[in-house]
Amino acid sequence: MEKITAPLTSRSSGVLSPHLLDSLITQACAEGASDLHLTPTSTKVIARIRVDGQVRALQECPKDAHDELVARLKVLAGLRIDEHFLPQDGKFKYICDDSTIDIRLSIAPAIHGENAVLRFLVAESFSLDSLALTNAQRESVLRTLGQAHGMVIVTGPTGSGKTTTLYACMRFLATGTKSMVSIEEPVEYELAEVVQTQVNQQAGYTFSVGLRSLLRQDPDVIMVGEVRDQETASLAAHAALTGHLVLTTLHANDVAGAFPRLQDLGVDPYVIASTVSLVIAQRLVRKRCRACGAHAARPPSHECRTCRGSGFKGRIALYEVFEVTQEFREEFLHRPDRTSLVARIRANGIPSLLEDGYGKAAQGHTSIEELTCLRHA
């Protein structure tokens with residue numbers, strides 16, 4: 001879709017607010033934001049951005065600009081401009097500094113007007129080499145992706161980079177020698193050699209319906225954006241059991257939590273033990289700023305334009321990667337409690353997320369303070 005060009009008009013003052021939306025998006029992109037929030041209050045519209053996982057204020061806009069901002073966004077994303085009481089989601093393209101950015105738009109009704117959140121999907125060169133995996137972790141991933149069947153599960157909370165990891169795995173597999181399909185919500189990036197489909201709740205095309213349909217397409221590799229219900233979990237597990245390589249995400253805190261989570265979703269323990277081949281748990285933490293050389297022994301430069309004196313720029317992933325062993329499968333079938341599962345994983349020499357974080361802090365990639373969320377998990 002075209003770049004925004006029409007100026008916005010302030011009704012009450014009659015003064016043109018030229019290209020306000022243009023300005024906000026351009027500022028957000030220049031700051032390296034992943035999201036732009038346009039939140040209406042009783043007196044103004046607060047524009048905030050999320051940079052490296054943290055939200056901060058960008059600009060305050062007049063209240064009378066709110067309706068025009070939201071209406072313009074709806075037009076760009078092909079949404080209904082006359083609907084103000086139901087959430088809507090859409091997508092459009094934006095050109096910034098000669099680069100095309102895909103923007104995912106979410107609009108939800110709030111007490112002072114519709115709240116809009118824009119997610120910037122900057123094209124990335126997804127590859128396993130771009131992931132911050134150790135050599136041992138990468139070898140485990142490669143061995144598993146070389147199998148003809150089984151289930152690869154990536155776990156973590158929302159915003160932990162799970163989709164990036166899945167796409168990197170899919171791109172590695174997309175050699176043109178396999179039939180590859182996906183069911184996603186939504187399709188964030190296009191992958192060559194992959195038939196990508198998108199959930200459409202209104203049309204009844206759910207993860208389970210889509211997966212059932214894709215299994216009739218003779219695929220070798222199936223990517224399921226998220227396993228969140230009993231039917232999808234059962235279909236994905238049985239697909240892995242019957243000769244397909246299935247890659248998916250699951251909400252669990254760590255590797256050990258993925259197994260009881262599947263059980264909670266109604267998958268038979270014997271099926272879980274027979275199909276799950278690899279589990280990756282991950283989190284994102286802020287990276288030390290390379291421009292000012294901030295590290296434990298050297299504080300950040302307050303004059304650094306790259307990190308604005310915070311000492312951090314960008315984010316790096318922490319991983320726990322477990323290639324499931326026969327001993328673990330037996331442990332899960334006989335003693336499926338979390339304590340026993342964690343002990344068996346550690347017995348295989350698999351570092352935890354926190355231990356991986358300590359290693360990356362020691363190498364200067366992040367700080368010990370950034371690991372606080374893991375210590376209290």
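This is a predicted model: local features need pLDDT of at least 70, side-chain atom pairs count only at pLDDT 80 or more; totals for chains, interfaces and linings use all residues.
Visitor: Good to know! At what angle do α7 and α10 pack?
Guide: At about 135°, with the axes of α7 (residues 255-264) and α10 (residues 338-347) 9 Å apart. Axes are lines fitted to C-alpha atoms, for helices over the stretch in contact, and angles run from 0 to 180 degrees between N-to-C directions. Helices here are DSSP runs of H or I with at least four residues, and strands are runs of E with at least two, numbered from the N terminus.

Visitor: And what do you call α7 and α10 relative to each other?
Guide: They are oblique to each other, since under 35 degrees counts as roughly parallel, over 145 as roughly antiparallel, 65 to 115 as roughly perpendicular and the rest as oblique.

Visitor: Which residues meet there, in α7 and α10?
Guide: Val255, Ala256, Gly257, Phe259 and Pro260 in α7 meet Arg338, Leu341, Val342 and Ile345 in α10, with contact meaning heavy atoms within 4.5 Å.

Visitor: Switching topic: how many aromatic pairs are there in the whole structure?
Guide: A search finds four, taking rings of Phe, Tyr and Trp (its six-membered ring) with centres within 6.5 Å; planes under 30 degrees apart are stacked, over 60 edge-to-face and the rest tilted. Phe259 and Phe332 make a tilted one, 5.7 Å centre to centre with 50° between the planes.

Visitor: Where do Phe259 and Phe332 sit?
Guide: Phe259 is in helix α7 and Phe332 in helix α9 (residues 326-334), 73 residues apart, and the pair links distant parts of the chain.

Visitor: What about the open sheet, in what order do the seven strands come?
Guide: The order is β11-β10-β12-β13-β9-β14-β15, with mixed pairing; two strands pair if DSSP finds at least two bridges between them. At the edges are β11 (194-198) and β15 (312-323), each pairing on one side only.

Visitor: In what sense do β10 and β12 pair?
Guide: In the parallel sense, over four bridges. Val181 has Ile222 in β12 as its bridge partner.

Technical notes. Residues are numbered from 1 along each chain as its sequence is written. Side-chain values use heavy atoms; hydrogens and water are left out.
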